[in-house]
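Here are my notes on this model, point by point. Please read them with the structure open.

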Amino acid sequence: MSEEIKKRVTDGLIRYEESLKETDEHYGELKIGGRYSPDAPLWLKLILPCWIRALEERGIDCKEFRDEYARVTRKLTALEEKWGHDYREKLLGVLQRDVNFLYPRRVCSFADLEPFELEIPHEISLRNSIETLLMEVEGYFDLAEIKTKVTILDEVFRCKYLREVENVLKYFPEAEGLHYPDEFWWMHPLTMLREKQALAGEVYGDESRFTHYTGHGHEWSPAPGREEFQQKAISLINRRDPGVELYYQTGYDTLIVYDRNANEVACGTKAGLIATFFRPRNQPEHYVDDEIAGRLVRLN
């Protein structure tokens, strides 16, 4: 995972600088939807520090990455100063196009178009672009009307996103685990899954639906009581620290949280309930690493 993020940062820094060079050299050709778009460098400006932070939390020295990011960002600042208000007008034009025309269509079609592994990231990327542009032009223009439209559209988008959050986890797993800003809620599907669980009424549902205590309680010694069993499961399904492994299980549309040290697994269902909590067998075939490995997508 660390090597994958390293490559993402390395490639991103190269693209960041290249996009700045193209924006400056082809400034007269910048246009909405054209070959050279005014907002090309902005997403990388925002997201590269998030990726770098993810590496640092894995114990990797990122001083060279941070120095390179600072160097390229100084170039962006110089570009913005060079082209001034005209450049910000171009960014505003992209934002108006996205909010008035593209976002309503994407909200309507969210998670309806195939192939999902291409369409879902594509639809979410537009919301990233809108938020990035809002942050970039804040303070230069009156954005009240635009923000009102975004808020209204977000209400619909959030409802559809919650309905399809399992598909987001399945087809866009990279949205999780790279420290995207908290306000980018659409890039935090695991958090949205917990919200869906809460909206379902309870994290579990009532005790009568939690039938796995009888089948799995004896796997602990001493065996926990029913209430302790439920609390242990609730605690595990909500953990996101480095001590657990997060998986999306295809075919069953479940989120799996595995504490390898304790050898405990909690599974959340597509309906937003915790389906089961158990201790997977390690021999002769490991349940997580071997038996269901082909159906698991690692999320952290």
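**Helix packing, backbone exceptions and burial**

1. α4 and α5 run roughly antiparallel to each other. This is a predicted model, and the points below should be read as such. The packing angle of α4 and α5 is about 150 degrees, and their axes are 13 Å apart. That angle falls in the roughly antiparallel class because the class takes angles over 145 degrees. The crossing of α4 past α5 is left-handed. On the α4 side, Ile124, Arg127, Ile130 and Leu134 make the contact; on the α5 side, Ile146, Lys147, Val150, Asp154, Phe157 and Tyr161 do.

2. Thr151 also belongs to α5, which covers residues 144-163. Is Thr151 buried or exposed, or partly exposed? Its relative accessibility is 45%, so Thr151 counts as partly exposed. The limits behind that label are 20% and 50%. From Thr151 to Arg15 there are 136 residues in sequence and 31 Å in space, C-alpha to C-alpha.

3. Now the overall picture. The protein has 10 helices and five strands. Its C-alpha atoms fill a box of roughly 70 × 40 × 30 Å along the principal axes. There are 300 residues, of which 49% count as buried. Take the contacts with a separation of 6 or more: 65% of them are between residues 24 or more positions apart.

4. Next, α2 against α3. Helix α2 spans residues 42-56, and its axis lies 10 Å from that of α3. The angle between α2 and α3 is about 160 degrees. The two helices are therefore roughly antiparallel. The crossing is left-handed. α2 contributes Leu42, Leu44, Lys45, Leu48, Pro49, Ile52, Arg53, Leu55 and Glu56 to the contact. α3 contributes Phe65, Arg66, Tyr69, Leu76, Tyr87 and Leu91.

5. How do α1 and α3 run relative to each other, parallel or antiparallel? Their axes cross at roughly 25 degrees and come within 10 Å. α1 and α3 are therefore roughly parallel, as the class takes angles under 35 degrees. α1 passes α3 in a left-handed crossing. The α1 residues in this contact include Lys6, Val9, Leu13, Tyr16, Leu20 and Thr23. Among their partners in α3 are Phe65, Tyr69, Val72, Leu76, Leu79, Trp83 and Tyr87.

6. Thr23 sits in α1, residues 2-25. With a relative accessibility of 2%, Thr23 counts as buried, since the cut-off is under 20%. Which residues does Thr23 touch, leaving aside neighbours within four places in sequence? The contacts of Thr23 are Leu30, Ser37, Ala40, Pro41, Leu79 and Tyr87.

7. α9 passes a length check. Its 12 residues should span 16 Å at 1.5 Å a residue, and the end C-alpha atoms are 17 Å apart, which agrees. The buried residues of α9 are Phe229, Gln230, Ala233, Leu236 and Ile237. Viewed down the helix axis, these buried residues fall within an arc of 130 degrees, so they line one face of α9.

8. Please look at two cis peptide bonds. Most peptide bonds are trans. Pro222 is in the loop between α8 (212-216) and α9 (226-237). Another cis bond joins Gln283 and Pro284, with omega about -5 degrees. The loop holding Pro284 runs between β4 (274-278) and α10 (287-291).

9. Most residues other than glycine have a negative phi. Ala111 has a phi near 65 degrees. Ala111 lies in the loop between α3 (63-109) and α4 (116-137). Its relative accessible area is 9%, so Ala111 is buried. Asn263 has a phi near 55 degrees. Asn263 is in the loop from β2 (254-259) to β3 (264-268). At 12% relative accessible area, Asn263 is also buried.

Conventions
Residues numbered from 1 in each chain as written. Predicted model: local features only at pLDDT ≥ 70, side-chain atom pairs only at ≥ 80, totals over all residues. Heavy atoms only, no water. Helix = DSSP H or I, 4+ residues; strand = E, 2+ residues; numbered from the N terminus. Buried < 20%, exposed > 50% of the residue type's maximum accessible area, 1.4 Å probe, protein only. Expected span 1.5 Å × (residues − 1). Arc of directions from axis to C-beta. Axes fitted to C-alpha atoms, helices over the stretch in contact; angles between N-to-C directions. Parallel < 35°, antiparallel > 145°, perpendicular 65-115°, else oblique. Left-handed = near helix turned anticlockwise from the far one by under 90°. Contact = heavy atoms within 4.5 Å.
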